[in-house]
Every structure is written in structure tokens, then in C-alpha cells.
Amino acid sequence: MAEIILKNVTKEYENGFQAVKNINLEIKDNEFVILVGPSGCGKSTTLRMIAGLEDISDGDLYLDGKRINDVSPQDRDIAMVFQNYALYPHMTVYQNIAYSLKIKKVPKDEIDKRVKDVAASLGLENLLDRRPGQLSGGQKQRVAMGRAIIRHPKAFLMDEPLSNLDAKLRGQMRVEIADLYRRLNTTFIYVTHDQTEAMTLGTKIVVMKDGEIMQIDNPTNLFNYPNNKFVAGFIGTPTMNFFEGEIEEKGDGLILKTRDGFIPLTAEKAAKVREGGWVGKKVTAGIRPEHVELSDQDSAAFRGEVSVFELLGSNAIIYTQCQDDRIIMNTDQTQYQEHGKEIFLKVKEAKLHLFDPETERTITN
Amino acid sequence: MSAKRKYKRRYDSLPTVLLFVLPALIPLIVFWIYPILRTIYLSFTNWDYISPTYKLVGIKNYLSLFRNPRFYEALWHTLVFTAGTLFPTIILGLVLALLLVKNFRGSGILKFIIFSPWITPTVAISIVWSWIYKTDGGIANTILTSLGMSPLKWIASSDTAMLSVIIVTIWKSLGYAMIFYLSALEKVPGELYEAGALDGAHGWRQFVDITLPSISPTTFFLTIITMVNSLQAYDQIQVLTQGGPSGSTRTLLYMYYQLGFNEFNMGQATAVAVVMILLTVGLSLIQFKVSEKWVYY
Amino acid sequence: MNTRYSDNRALPVRILSILGKVLILGTASIFTAFPFIWMMVSALKTKADILNTEIFFPTVPQWSNITSIIFDSPIPRYIFNSAWVSAVIVALQIVSGAMLAYALVFLKFRTNKMLFAIVMATYMLPVAATYIPSYIILADWKMLDSFRGLIISSTVSIFGIFLLRQGFMQIPKGLVEAARMDGASHWRALWEVVCPMTKASFITFGLMNFISTYNNYMWPSLITKSSEYFLVSQGLRAFFIRDGAYGTEWALVMAASAVVVIPLLVLFAFTQKWFINGIGGETGIKG
């Protein structure tokens, strides 16, 4: 139960490399915040600074209004679940979970009661005498969480906790973590490189790249209203299609001229484009695969040959090789297309995103 | 934007670091680093330990050392002793490890026997050896005569005393080298041998092309350690020969001991110590330099 | 050799290679074991037996040689001195070494690398070069000829620091971090997490240094002069050369050596695996 604030926080290494650049982030009490981004984006470093495992080169970190830059990790009352679980191999599951309470000199019977409660809630009752070496990946994961839960910490930090599990188990543990969050009602900060994990778990997602925050928002907004090309491309699978085009006047409205055709802009988008002074200029456009459709030749934005048809069950992905671009389309299983066939594609105009080709900022969503 | 604060790097807090470092660092400074520096300083003085005062005499100690034939003798004995213990220890240690690396019935006992001299006090076993080496009635000569060879005077003669001390030293350190090689050989990845076998490497070729390069870091480590130990050998010399007969087993270290703790000529003694330091550092540096050519990490 | 293939050489070659192997190993083990055997048989001989080169085994084993060493000589006292002085020294070395190794591996501070370089350099210097100034320091502190002087001058083991550092580096950093997050101080993390995980290094360190301190001769013999403070090596040598025993009382001298050596061999028999796996395995062969 804590509020965490990062103010202009920077992490610079000895060699001058800045892993985290001047970030600002407010995490409210009981919030589930996810830091997501490709590897090397600074998300783990940020988490480790909050934990106290990395020192903060510049800026301030507040926990419940108190500046804790110089408080050592042992005194922060924050729990962390590590990527490799970091269970003590020489201690039993019981001892692993109880260790933090033992350090705090909690009376033995209370430790016993709390360990048993936590074990029961995680389904670990029968494993308490085992050592970590005798556990499966999923069980280790639970022990690592148990070790964090038992302390009733001010905040939970999780550093890629599911990345060592196989896909099936990962899905299951994701549900358990979400459930845990609801039960514990405390602040969670969760780091992952997997945007699916981020989208399904988080109520507030922080997308990072190269040590900077790209966007902070809820999953729906991130998906529908990305701030920039990076976020648009990072969130969603299959990833958004990007292509070049030029804005032109046509009749009353504007169109985006593509190589093989054009896409009319909605009135709302046209207004934004005019406002930004983009008429007659080149822009980067983006469209999600689920908003691409088959079309006849006249209204097509793209023309190309089918290179791969991937059946994923109820839906299917069609990769089309156009002249310059490769357009991915997410459609349903009935739309089978033969390899090499020439097809025409159009897009749902309302779902078109336009980006500044230089700064990659969003012009309109 | 306001003036940017200079980045300050925070480390673990100073009291914590000091708490962890000082218990070892203080003794290290008091009984290692300071004495080494002090030794170097004393080697430029004429101190005799008894007098409360002494003065700097420049390089006089070194000059008289370099004019002293005893010094060259000791230097030569040191080099002979070092070479004479280093090569047999390493080579025999490797041979034994090669023969014992595959477990068979009794291999554990053999390892135990061959390593056991290393854990026993050098003084105790040197006493036993001096009994073995005894000219009249010593078992070494009994064995020689029964084999039809003429008896030797061993530690009683300046011709054979050095050899006798070298034998004891090899006897003592053989097991140590073997243990290191055993664990190095066990770590050579099996695929290397398999790949080598497919390339047609067998027997001797396999040994030269695969085994030796794979264990070269161990060879390097053992060379340095054995060399440093040999340069500092004292116990067996003290018990067996006390540097004699007629100085034939007096090494630099023994000379240092005699000058410092028998004659209290601290200036000369520390000058010998400095030569020993330089010799150790010099030989180590040569080893490091040469090792770039034959050690594969 | 370490080949994993069935031996497909011709039979005579195989027999020859086995013969060679037996010959080398036989010679080596006889060569190493013989002095011990000779010590033990000599220890049980009478004065007459011992001068007779014709006989190998004692005609009648003189167990009284051994009992007189155990009950009527200062040798047991030296053994006791050696044992407890070594125990204290090793305990101090383990604590100081573990803390420094922990600092080198897990603490962040500016001079970390430099500190390691200094320790590394000291490892190679001849320890004897420090003896004269160290002697003077102990003299100034009035600690010559005392157990205190022996102990205080040996509270740090550079070899041990290396051994532990090597072991500590195998521990994932996350474990120490997890302990810190659990609320453990560095001190607790060292003894409750790091130490149990590197138990093998600690045991090897303890045994190796116990043995070498126990056997140590040159330094103790320089700073202790009264026999009540003798460690075993110095005591044994004093016994060896005492009033002309040298050359006349060989049986007793051998008995004394045997009394000193046999407990160590027994200790070694029980702890062999720590030596054999420990030294070769973790003594920092990495470049």
C-alpha cells in the first residue's frame, strides 16, 4: 500500500551510458503498473532503482512522500520477485518463505501461521519441506511469490517473472497473478518485454524505449491511440503495417495517396492533418492487420501477391508482398488465398494512423 | 532548464564497505604491504638490529652483495633448486594424473598415498628422510648396495646434498600437482576427444593436440605456484642440511635467514630479500609473457 | 588417457601399456609411501634393531617407544599448541577472508578493482621477505615468544580470499539481491545465504589452512623461543636435535615423527574429498 513517485530519474553508468533518461512516473496506491519495452529499454533498471538494487544517478524517488534514494533495499519494505526466482537453494520452501520474517524477528508461531496461510493460498502446502532444486518451474515461481506475499510489503516488484516458464504455464500464472493482485490490494510494478502479458495484466502500462517513456496509458488507449510510431508498432500482434504515402486534396476532403491507390481520410482525421499543415507532404501511415480487408481493384490501396497464408485456427494471417511493402492482414479462416495469387487490399479508413516521418509522433489516430 | 546537477554516483555506504574490507585489509597492510616496503627501505641502511640508530648507506649493501661470491653461489643454487623441483613435479604430476584420471579399483587409495606427503609437516618428513639418507646404515644406501650400486653420501656430501633436498621436495609436492591435473583433465569436454577422434587424432596426437592445450591454464598456474614455493623452500633445507655441506644447499632464502636471524646483518639480509622479490616478480613476468604463446583459456 | 573409446589396439600393445601403467603407478606409490612405512617400522625398533641394516621389520615391536613419546615427552604438548593456535588462526582467516571476498564480489565501491589487484600482487610475493619487519613489529608490540604474536600476525590468508572469491563468483547476484530485498543486511546475506551456498569452498579453505598453519615452521620458529610456545614442527625439530639425540635415538625420533604424522594422515583420510575436489576445482585457475 504505497504511492511511488519517480521525479526526473536518470541512471547513468560509469562509461557514460544512460540506461534511464530523466523519467517521470507516478504510481498510485494499489495500482498495477506494467513497465514494458524491448530489451535494453531501461525497464528493469527502473525497477531495480525502485528496489534499491541500483543507485539513482540523478533525480528523486519517493515512497509515500518520503525520498528514499539513499535508503538501502533492506529498509524499503518492498518485495521483489526475480526473473530466475532467486530462491535460496540451501533452504527448504518453508525457510525460503519464512526468511524475511525471521530477519524481522517475528515470533516463531506467528511465522508458522503466516507461512501456512501463504502456502495454502498458493497451493504449496505439500511442498514446504522440499528444496528449490526439487521443484518444477511453476512451483518455484509460486514460492518466489509466496516469499514476497508473506511480508505484506508496501509494494510488489516483479521482474519478468514468467519469462522462464513454458507458454501454457505462463498463461495460467498470468491469471494467478491477476487474481493475487485483486486479493492483496497493494501496489504492483511489473516488468516484462512481452506486450501481450502487459496488455492482459495491466491497468496502467508504461511503454519504454532507449531509457525513455514513450507513453503511459491503459491497454485500450495504447492500442487505439498510440502516441507515436514505436508504441503503435510495439503493441498488438501481428504488428501494425507501416507504409509511406502522400496527403493530397481530393474534392472536399483529403486522401492518402499510396503507391497502388489511395485511402480517403475521415473528416476528423482530415481536420487534424490540415491543422498540422501536412497537406502535400509525405507521411508514414499505419494500419493494424485486423483493419485490412480484401477489395476490388478500384477501391484498393494495395495490390500484391500472396506470399504466405497462415491458418491460426479461427483466424488466419495473410502476408501480401506489394511493391515496396509487405502488408499483413488478419482475417478469418474462410478467406483462404493461394500462394502467388494477385489480390487487392483496402483498409478501414477510420482506423488509419498517421505519423510524422521524421519525429515519428502521431499526427492523427 | 536550470543548471543540471552533476551526476553523483552512489556506492554501498562507506561504513559498510569499511566493515567488510578492514578485517582483512588491516592485517594485510600491517603484516604484508608495510613489511615489504620496509624491507626495501632497510636494504639501503646499515642496521644491525641491536643498535638503536642506523643510517642510510645508499646501495652499499647491494654492492657488497654483488661482490660476494657466496651470493652468486646462493643465486645459482636457487635456480638449480627451482628448476630441479619445478620440471619433475609438473611432468610427473601430469603423468600420474593421466594414469589415475579414469577410476579403477584402488585408484582412490593411490591418490590418497601420492597426495599424503603434502599434508604432513615438512619438518617431520625431512627428519624421516635424513634417517633414510644416513650414510652408514641408512636405508637408501642399503637399497643401492643391494641393487649392486655403490652407496652415496647423500646429504653429507656437497656433490649430492642438493639432489637429496630436491628429491624430498619433489616427493612432497608431487601429489599437489597431480590433484590439480586430475581436476583439469576431468573438465576437458568429452566432445573435444570425439571431434578429435573423427579427425583421426589418437594416442600421442590426441594428447599433444587436445589434452595439453586444454589443461594449459593448469600447467601455467602450477608452474607459478611451484616456482614461488621453490624460491621460498626453507623447512627441508633447515632440517636436512642447514645450507651445507660447505654451502652447497644454501639458497637465497637460506642466505637471507642466516644473514638476518643468525648474523643480524639486517641491511644485507633485506638486500637479499629484495633480490628474491625481484627474482620472483621477474620470473613470474617472464612466465606471463611466455604463457601468451602456449596457454589457451 | 581420458579417451572414451574401447581400446582396439593389438593385444601385445595393450598388455605392454597395462604393464607400463602398473609399473609407473607402483613405483610412484612405493616411492611416496615408503618414507611413511620406514618411519613406522623404525619407530617400533630397538636400538640394536635400528642399527642393523639387515632387518626391515622390528624383531619385537617396541610399543614403549610410542607410549614414551605420548606420555613422557613434550610432543603432545606441541601437537596441542599447533592444533589450537591453528584453529584460532583459521577461524579468523575465514571471517576476514569471507568478508573481503564478499566485498570484492558483491559490494560496489570505487576502489574495488584496485583492492583486488593489490591482493593479487601480494599473493605472488615471497612471504619470507616480510619476516624481518614483521618480526620488528611484534617485538615493538611485545608479542614475540607468545601465542598472541603467532595468531595476530596470521589473521589473513590471501590464498583463502582467492578461493572464496572464486566460489562467490559462481553465485547468481540475484540471490544476494533477493536476500537484501527480504530485509537482510550484507552481514546476514554473507553468512546465511552466501556461506551455506559455498560450503565446499569454506571447508576446503578451512582444511587447507589448518594443515598449513599446523605444519608451519619458519615463521613460528623465528618468533618463538621458549618451548612452551612451540608449534609441532619446531618442537619436533628441537626434539630431533636435543642434547645429541641426533644420530643416537633414531627409534625415538621416528616414534615422535609418527606420533605427529599419523593423526594428520587419519584426518586426511576422512577429509580427502575436500582436498581432492576442493583444491583442483576452485583455486582460481581462470585467467
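Let's start at A:Gly253. With 12 C-beta neighbours inside 10 Å, this glycine counts as exposed, since the cut-off for exposed is 12 or fewer. Keep in mind that this is a predicted model. A:Gly253 sits in strand β12 of chain A, residues 253-257. What does A:Gly253 touch, leaving aside its neighbours within four places in sequence? A:Pro264, A:Leu265 and A:Ala270. Now look at A:Thr203. That residue is 50 places from A:Gly253 along the chain, and the two C-alpha atoms are separated by 38 Å.

The domains of chain A come next. The domain assignment gives domain 1 as 4-234 and domain 2 as 241-364. Taken over C-alpha atoms, the two centres are 39 Å apart. How many residues of domain 1 of chain A are in contact with domain 2 of chain A? Seven, and they meet eight residues of domain 2. On the domain 1 side, the residues that touch domain 2 split into three nonpolar, three polar and one charged.

Now chain A as a whole. Its C-alpha trace spans about 80 × 45 × 35 Å along the principal axes. Chain A has nine helices and 21 strands. Of its 365 residues, 42% are buried. Take the contacts in chain A between residues at least 6 apart in sequence: 65% of them join residues at least 24 apart.

One more residue in chain A. A:Leu180 lies in helix α5, residues 167-184. The cut-off for buried is 20 or more. A:Met145 is 35 residues from A:Leu180 along the chain, and their C-alpha atoms are separated by 9.5 Å.

On to chains B and C. Between them, 86 residues of chain B are in contact with 76 residues of chain C. Which element of chain B gives the most to the side that touches chain C? Helix α1, residues 14-42, with 18 residues.

The crossing is left-handed. From α1(B), the contact uses B:Val17, B:Phe20, B:Val21, B:Pro23, B:Ala24 and B:Pro27. From α4(C), it uses C:Val95, C:Ser96, C:Gly97, C:Met99, C:Leu100, C:Tyr102 and C:Ala103. How do the residues of this contact divide by class? Into 11 nonpolar, two polar and no charged.

α12(B) passes α13(B) in a left-handed crossing. On the α12(B) side, the contact is made by B:Leu252, B:Leu253, B:Met255, B:Tyr256, B:Leu259 and B:Gly260. On the α13(B) side, the residues are B:Met266, B:Gln268, B:Ala269, B:Val272, B:Ala273, B:Val275 and B:Met276. By class, that contact has 11 nonpolar, two polar and no charged residues.

Last, chain C. The domain assignment puts domain 1 at 1-37 and domain 2 at 74-282. The C-alpha centres of these two domains of chain C lie 37 Å apart. Now find helix α8 of chain C, residues 158-168. Why is α8(C) described as largely enclosed by the rest of the structure? Because nine of its 11 residues are buried. The buried residues of α8(C) are C:Ile158, C:Gly160, C:Ile161, C:Phe162, C:Leu163, C:Leu164, C:Arg165, C:Gly167 and C:Phe168. Note the arginine: C:Arg165 is among the buried residues of α8(C).

Definitions and conventions
Residues are numbered from 1 along each chain as its sequence is written. Chains are lettered from A and ligands numbered from 1 in the order in which they are written. This is a predicted model: local features need pLDDT of at least 70, side-chain atom pairs count only at pLDDT 80 or more; totals for chains, interfaces and linings use all residues. Domain bounds come from an automatic or database domain assignment. Two residues are in contact if their C-beta atoms, placed from the backbone, lie within 7 Å. Helices (H or I, at least four residues) and strands (E, at least two) are DSSP runs, numbered from the N terminus. A crossing is left-handed if the near helix is turned anticlockwise from the far one by less than a right angle, and right-handed if clockwise. Ala, Val, Leu, Ile, Met, Phe, Trp, Tyr, Cys and Pro count as nonpolar, Asp, Glu, Lys and Arg as charged, and the others, Gly among them, as polar.
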